[in-house]
Amino acid sequence: MTVLDNRALNRATLARQHLLARTDASVPEAVAHLCGLQAQEPQEPFIGLWSRLTDFAPGQLDDALTGRTVVRTHLMRRTVHLVTADDALAWRARHDTMLRQRVLATYRSELAGIDVDEVAAAGRAVTADQQPRTMRELVQALEDRWPGPPRRALGELLVAALVPMAQLPPRGLWRQRAGVRNLPLATWLGRDVDPLPTGDDDPVGQRLLRRYLAAYGPAAGADLRAWCGLAGLPTAVKACREELVVFRDERGRELFDLPDAPRPHPDTPAPVRFLPAFDNAVLGYHDRSRIIDAAHLGLSVAGHRTVLVDGRVTATWTVRDHRLRISPLRPLTAPEQEAVRAEAQDLAAFLDEGVEDVQLDSAQ
């Protein structure tokens, strides 16, 4: 069985994530291919798309959000994601159990003894008038019946688990600072959430697996679970196994992939790319060694914006006081410094935040 080292896996990831070469895809096409973008920080998807799309302009994502072709909703890992409307409706029911379990685990004592089905029914009744509400307003409508749980716990149970919700614009629009207003997905999109198909071969899980591999493969089952947060996907892997190709990584893990997916030569040059906080390319795996060193794993979950040099997380970056500051994690060669500065200048022009200086620090 062919063994793929970290560099080979890195180049495959970059190719699938449109980070080896920018793509001419539209915003909805790119969001669909990437299986969504993590979006709890509302402005970060703009940077993620700028690094992946040719001639990306912020208004393109604004139009997709206001035009309801993409939507902000809780989905993978109980995290707010930007996904296409079609994927939100197709995938939500498969995530329902996980979403409930994660909220109930987080607020185990606060929600002990609560009848979640009754809360769900009450939440649907409140939102039946099709009026957007903040989480606080939703909780206020229910707290007479459930006065015990803290508002935060009851609110998250409603908006992140029990009632499939969309976070409405202007939340998530370019340079907009807007609170979260929730409306049921079915109301916002004008279509019901797809029911889970019957049968024991997990057809929705199979589609998730194929889509995940197209954007992240080759990958192990543990990587797939880490990305979506779902249990039970071995059924989908088993059902798809004969159509997949199998590799091993340097640790001996079994990796699955689509037969015709791109796997560039490990020596393929990789351009500098600036990534937003919580980017898919870093967080989409259980084993992230293909793109980030073990010593720097904490950066990937702490919300640091990162810079890829030769395909790996090599620096962090911030914009503050009209300065784009880059902090390398290792010494950079002169050509690397030049490439980082050039991409930083392009990023500064895109952000259009009055950046007057690009500062490249010495390695920490």
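Modeller: Two residues are in contact when they have heavy atoms within 4.5 Å of each other. This is a predicted model, in which local features need pLDDT of at least 70, side-chain atom pairs count only at pLDDT 80 or more, and totals for chains, interfaces and linings use all residues. Residues are numbered from 1 along each chain as its sequence is written, and side-chain values use heavy atoms, with hydrogens and water left out.

Biologist: Which residues does T13 touch, not counting residues up to four places away in sequence?

Modeller: T13 touches Y216, G217, A281, Y285 and R290 under that condition. T13 itself sits in helix α1, residues 6-16. Helices are DSSP runs of H or I with at least four residues, strands are runs of E with at least two, and both are numbered from the N terminus.

Biologist: Why is T13 called buried?

Modeller: Buried means under 20% relative accessible area, exposed means over 50%, and partly exposed lies in between (1.4 Å probe, protein chains only). T13 has a relative accessible area of 1%, so T13 is buried.

Biologist: What joins the side chains of T13 and R290?

Modeller: A polar contact of 3.0 Å joins them. The term needs a pair of N or O atoms within 3.5 Å; within protein, one must be able to donate a hydrogen and the other to accept it, and residues adjacent in sequence count only if both atoms are side-chain atoms.

Biologist: What makes β1 and β8 edge strands?

Modeller: Three strands form an open sheet in the order β1-β7-β8, with mixed pairing. Each of β1 (3-4) and β8 (254-257) has a single partner strand, so one side of each is left without a neighbour in the sheet. Two strands pair if DSSP finds at least two bridges between them. Two bridges join β1 to β7 (residues 245-249), and these strands run parallel. L4 has D249 of β7 as its bridge partner.

Biologist: Which strands are at the edges of the five-strand sheet?

Modeller: That open sheet has the order β9-β10-β11-β12-β13 and mixed pairing. Its edge strands are β9 (273-275) and β13 (357-360), each pairing on one side only. β9 is joined by three bridges to β10 (residues 305-309), and the two run antiparallel. L275 stands opposite T306 in β10.

Biologist: How do you know that I326 counts as buried?

Modeller: I326 has 0% relative accessibility and therefore counts as buried. I326 lies in β12, residues 323-328. Leaving aside neighbours within four places in sequence, its contacts include F274, V307, W317, V340 and L360. I326 and R341 are 15 residues apart in sequence and 9.0 Å apart in space, C-alpha to C-alpha.

Biologist: Why are α6 and α8 called roughly perpendicular?

Modeller: The axes of α6 (residues 116-127) and α8 (residues 151-162) come within 10 Å and cross at roughly 80°. Angles of 65 to 115 degrees count as roughly perpendicular, under 35 as roughly parallel, over 145 as roughly antiparallel and the rest as oblique. α6 and α8 are therefore roughly perpendicular to each other. The contact is made by V116, V119, A120, G123 and R124 of α6 and by L154, L157, L158 and L162 of α8.

Note on methods:
Axes are lines fitted to C-alpha atoms, for helices over the stretch in contact, and angles run from 0 to 180 degrees between N-to-C directions.
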